[in-house]
Amino acid sequence: MPHSYDVVASEELYAGRIISLRKDTVAMPGGGESGREVVHHPGAVGIVALDDQDRVVMLRQYRHPVGEHLWEVPAGLRDVDGEPPVETARRELAEEVQLSAERWSLLTTQHPSPGFCDELVVLYLAEGLSDVARPDGFTVEHEELDMTVERVPLAEAVQWVFDGKIRNSLAVIGVLAAAQVRATTPQLRPLDAV
């Protein structure tokens, strides 16, 4: 029978604008306890936006923790209380690249760093793209002012993964998942199966 890993104590160590850090004391199999530091994250969405020519919309954005510009897919935090993930994805697609999509599919859900963080990322495929204005009240600022948007043929984006040109994990997963969808048409889960 599996061990339940009960949390016997929890202490908040830091609370920031996006993340918080806590220390949990967890009951271990065979007795005893162990401390585990956990970063709490509100979660995120990512969008593999494919146009009618099978080009994926890619962003090149500066990411301070790694000190580099990274190639990514449109993405954003789940920072609006009660907003369904697919609605967050629709909003982020309009905010970041001024696009909307006719068809949405759920590609994957994943925990990017489950050894220390509870973040859940929901990744969507968006097709039937059309131009839209940015949502009212949205202001482009900070790193987004320096962001480059490019449409890359899906096969070339897959090669970028293997060349190391795409290193953002969400983009790696998204590009490879979209290529697999195009190659084999796997059974995808419903949009609300998060």
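**Contacts and overall build**

I began with contacts along the chain. Among contacts with a separation of 6 or more, 58% join residues 24 or more positions apart. I note that this is a predicted model. I then looked at burial. Of the 194 residues in the protein chain, 39% count as buried.

I listed the secondary structure next. The protein chain has three helices and ten strands. I read their order along the sequence as β-β-β-β-β-β-β-α-β-β-β-α-α. I also took the extent of the chain. Its C-alpha atoms fill a box of roughly 60 × 40 × 35 Å along the principal axes.

**The annotated span**

I checked the record for a domain. An unreviewed UniProt entry carries the annotation "domain: Nudix hydrolase" for residues 39–174. I looked at that span in the model. Residues 39–174 are 21% helix and 40% strand.

**D24 in strand β2**

I turned to D24. This residue lies in strand β2, which runs over residues 20–27. Is D24 buried or exposed? D24 counts as buried, because its relative accessibility is 5% and the cut-off for buried is under 20%.

I looked for a polar partner. The side chain of D24 makes a polar contact with the side chain of S10 at 2.6 Å. I then listed what else D24 touches, leaving out residues up to four places away in sequence. The list holds V7, A9, S10, S34, G35, R36 and V38.

**The largest pocket**

I searched for open space. The largest pocket holds about 1500 Å³. Its lining is made of 44 residues. Which residues lie nearest its centre? They are I18, H41, R63, G76 and L77.

I sorted the lining by type. It divides into 21 nonpolar, ten polar and 13 charged residues. I also asked which elements contribute. Strands β4 (44–50), β5 (55–63), β6 (68–72) and β7 (75–77) each supply at least two lining residues.

**The loop between β4 and β5**

I stopped at D51. This residue lies in the loop between β4 and β5. D51 counts as buried, because its relative accessibility is 7%. I found two polar links from its side chain. A polar atom of the D51 side chain lies 2.9 Å from the backbone nitrogen of Q53. The side chain of D51 also makes a polar contact with the side chain of R55, at 2.7 Å. Leaving out residues up to four places away in sequence, D51 touches L129 and R151.

I moved along to D54. D54 is also found in the loop between β4 and β5. It has a positive phi of about 55°, although it is not a glycine. Its relative accessibility is 28%, so D54 counts as partly exposed.

Q98 has a positive phi of about 55° and is not a glycine. It is found in the loop between α1 and β8, a strand of residues 99–110. Q98 counts as partly exposed, because its relative accessibility is 32%.

**H111, between β8 and β9**

I went on to H111. H111 sits in the loop between β8 and β9, and β9 covers residues 121–131. At 45% relative accessibility, H111 counts as partly exposed. What does the side chain of H111 reach? It reaches the backbone oxygen of E119, at 2.9 Å.

I listed its contacts, again without residues up to four places away in sequence. H111 touches D118, E119 and L120. I also took a distance across the loop. H111 and V121 are ten residues apart along the chain, and their C-alpha atoms are separated by 6.3 Å.

**V172 in helix α3**

V172 is found in helix α3. Beyond residues up to four places away in sequence, V172 touches V161, I166 and R167. I compared its place with that of A27. V172 and A27 are 145 residues apart along the chain, and 35 Å separates their C-alpha atoms.

Methods: Residues are numbered from 1 along each chain as its sequence is written. This is a predicted model: local features need pLDDT of at least 70, side-chain atom pairs count only at pLDDT 80 or more; totals for chains, interfaces and linings use all residues. Side-chain values use heavy atoms; hydrogens and water are left out. UniProt positions are given in the numbering used here, feature names are shortened, and annotations may be inferred rather than shown by experiment. Helices (H or I, at least four residues) and strands (E, at least two) are DSSP runs, numbered from the N terminus. Buried means under 20% relative accessible area, exposed over 50%, partly exposed in between (1.4 Å probe, protein chains only). A polar contact is a pair of N or O atoms within 3.5 Å; within protein, one must be able to donate a hydrogen and the other to accept it, and residues adjacent in sequence count only if both atoms are side-chain atoms. Contact means heavy atoms within 4.5 Å. On a 1 Å grid over the protein atoms alone, a cavity is a set of points where a 1.4 Å probe fits but cannot get out, and a pocket is an open set with protein on both sides within 12 Å along at least five of seven lines; lining residues have an atom within 4 Å of a point. Grid points are joined across faces, edges and corners, and a volume is the space filled by probe spheres set on the points. Ala, Val, Leu, Ile, Met, Phe, Trp, Tyr, Cys and Pro count as nonpolar, Asp, Glu, Lys and Arg as charged, and the others, Gly among them, as polar.
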